[in-house]
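Q: Please take a close look at one part of this model, and describe the side chains there and the elements they belong to. Then place that part in the wider structure.

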Amino acid sequence: MTPFAPAWRLLTGWLGRRTSSQLASGLAVMAAVALTGSLLITGQAARLDQRQQAALAALADFGAMASKLPADTGLEASAMTEGDAAYMSAFLSAFQDGPIGDTTTLEETCRTGRGGAGVRFIRAPVGKPAGLATLETARAERLPGLGPDVYLLRLAPGQLCTTRGFEVIVVKRPVGALSMIVGRVVDPSGVAWRWAVLSVVLTGALILGSGLAAATFARRRLTGAIAEVSVALDRAAVGDFSRRAPDVALAPELSELSSQVNRTLDRLEELLSWLRDSADQLAHDFRTPLARASARLDQLMETEDPVERRRLGEEAGQDLRDITRAMNEAMALRDGEAWLFESVRLDILAAAAVELYQPIAEIRGIEIMAEGEPVSVLGVRSLLQRAVANLVDNAVKFSPDGGHIRIRAWDDGEGAALSVSDQGPGMCEGGASASPAAGSDSHGMGLAFVRAILRRHGGRMTIDDARPGAIVTARFPR
C-alpha cells in the first residue's frame, strides 16, 4: 500500500458524498481563486516590469542631462549667481520632455493615462527652484534592486494631473551645486500584460481539464448508482425483495429517487406478505368448512332419518355460509382503499362486540365484558369492526365454558390500543405469527385478516400469554 492510499481514500470518500452541483460549485470557486491568483501575480510582474523600465529611462534622462550641463555647474554654491540659476532653469525647461524626442509629454499622460512622461526638478543654491516641486516634497520609497538614489513616488490626483494619480520613478542626485530630481511616470500597462494573457490561457486549460475530469467522475458515479437501482428493481421483478437501492453511497443526486424506490419496494413486499397471509387465511377458512360440509353431505346421503338429514343439511349450509363470509371479508379488505377514513372510537367498537357476542357467550356461561377509556383512531369503521369481531369471535370460540373474556381500549402513551384476553388454550411462543397451542382446533383463524386490516391503518398486532389463555392486542400509532 502506497503512503498516499489513505489520503486518496479520504478524498474519494469525501467526493463520493458530494452532489454534482456541489462539485460544479467547487470547480467554480477553484477557477475564481486560480484566475484571481494568476491576475494578482501577473499584475505584480507587470508593475515591477514597468517600474524597472521607468527607472532605466529616468537614469538615462539623468545621465543625459548631467552630461550636457555647462562645466561651471561644478562651482561652489557660494560662487553661483542668480543668473546662473536662471540659466539652469531655462536649460531644465528645454529638457523637460527628456533628451530624446520620442517621450510622452505630461499633457498626453494626463489626457490618456499612459505613462512615460518625464518629470524634472532642480534647485540651485540661489534663486527660485524650477520644475515640479511635488517631486521634492512627496514621500519617497526606496526600491531595492533598481540602483542607488532611485525612488518610487506615489502622486495623488492633483499633484501631477488634475484627475489622475500616478507612480513616478525618480533619480535624486546632486550635480555640483545643483540638487536634481529626474524621473519618469510609470506606465500602468504594457508588454508585461502578455504574461497575463499567457497566465489566463494556462488557467483556462487547467479549468477545462479539471471540468472534464469532474464530468467523467460524475457520469461514472451516476451510471453506477442507476445500475444499482436497476439491479434492485430486477430482483424485485422476480420476487426477491432482499436487495435495496443505495441511498447516498454512490450518487447523492439519486438519494430522493433511491428512497422512493426503496419505499415502493417496502410497500410491494408488505402487499405480497399480506397476499400470502390472506391466501393462508382463505385456505384455512375454506379447508375446514369444506371438509365438514363434504363429510356432512356424505352422511346426509347415507342416512334415512329425516331429523338427522335436516340437522346435517343445516350444518352443511352453515359451513358454506362460513366460506361465503370469509370470501366477503377478503373482498372487503381488497376494496378498503376506496373507503372513507374517519375518527373511530375503539371503546364503542368494544362495547358493540360485547353486545353482539353476549347471547352466544351466555349459552356457555362465558362472562364477556368491555372496559377502558374513550380513545379514537383514524380508520375505516367497517374494517375495524370486522377486526374486533374476529378477535372476539376467536376468544369466545376457544374459551372454556364458564371462562372470562375482557375487551379493553386505552391510550398507552404511544397511541391507541385495544386488547382481547381469554382463558383458552393460548398460543405457542412466536408472537403475532404464533400457531395455536397443541390440542386447539384453530385459534389462529382470522388473525391474518386482522393483521392485514391493522397494516392498512399503520398499526400492528401482538400476542401475549395470559396463563391461561392469550392476550391479543391491536396497537395504532398516534
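A: Asp61 and Arg120 are both buried (under 20% relative accessible area; over 50% is exposed and anything in between partly exposed, with a 1.4 Å probe and protein chains only). Their side chains meet in a salt bridge, 3.2 Å from N to O (a side-chain nitrogen of Lys or Arg within 4 Å of a carboxyl oxygen of Asp or Glu). Asp61 belongs to helix H2 (residues 20–68) and Arg120 to strand S1 (residues 118–123), so this pair ties together parts 59 residues apart in sequence. Helices (H or I, at least four residues) and strands (E, at least two) are DSSP runs numbered from the N terminus.

The model is a predicted one, in which local features need pLDDT of at least 70, side-chain atom pairs count only at pLDDT 80 or more, and totals for chains, interfaces and linings use all residues. Residues are numbered from 1 along each chain as its sequence is written, and side-chain values use heavy atoms, with hydrogens and water left out.

Asp61 also forms a salt bridge with Arg184, where the closest N and O atoms are 2.6 Å apart. Arg184 sits in strand S6 (residues 178–185) and Asp61 in helix H2, so this second pair ties together parts 123 residues apart in sequence. Arg184 is buried, as is Asp61.

Strands S1 and S6 belong to an open sheet of 6 strands with antiparallel pairing, in the order S2-S1-S6-S5-S4-S3. Its edge strands are S2 (130–131) and S3 (140–142), each of which pairs on one side only. Two strands count as paired if DSSP finds at least two bridges between them. Strands of a sheet pair through backbone hydrogen bonds, either parallel or antiparallel. Within this sheet, S4 (residues 150–155) and S5 (residues 166–175) run antiparallel and are joined by 6 bridges. Tyr151 has Val170 in S5 as its bridge partner.

Two charges sit over rings, by the rule that NZ of Lys or CZ of Arg is within 6 Å of the ring centre and within 35 degrees of the ring normal. Lys172 lies over the face of Tyr151, 5.6 Å from the ring centre. Arg173 has its charged end over the ring of Phe62, 5.8 Å from the centre. By contrast, a search of the whole structure for aromatic pairs finds 0; such a pair needs rings of Phe, Tyr or Trp (its six-membered ring) with centres within 6.5 Å, and planes under 30 degrees apart count as stacked, over 60 as edge-to-face and the rest as tilted.

Arg51, Glu141, Arg154 and Glu167 are linked in a network of them. Asp347 and Arg345 also meet in a salt bridge, at 2.7 Å from N to O. Asp347 is buried, with a relative accessible area of 18%, while Arg345, at 32%, counts as partly exposed. The structure holds 18 salt bridges.

Elsewhere in the chain, strand S8 (residues 367–372) runs parallel to strand S10 (residues 404–411) and is joined to it by 6 bridges, with Ala370 opposite Ile407 in S10. S10 pairs in the antiparallel sense with strand S11 (residues 416–421), over 6 bridges. There, Trp410 has Ala417 in S11 as its bridge partner. S10 and S11 make a hairpin with 4 residues between them, and Gly413 in the turn has a positive phi of about 95°.

Helix H11 (residues 447–456) is mostly covered, with 8 of its 10 residues buried; Phe449 and Arg451 are among them. Gly458 follows H11 and has a positive phi, near 75°. On the exposed side of the count is Leu340, at 66% relative accessibility, in the loop between helix H8 (306–334) and strand S7 (342–345). Leaving aside neighbours within four places in sequence, Leu340 is in contact (heavy atoms within 4.5 Å) with Gly379 and Val380.

Across the chain there are 11 helices and 13 strands. Buried residues make up 38% of its 478 residues. Of the contacts between residues at least 6 apart in sequence, 64% join residues at least 24 apart.
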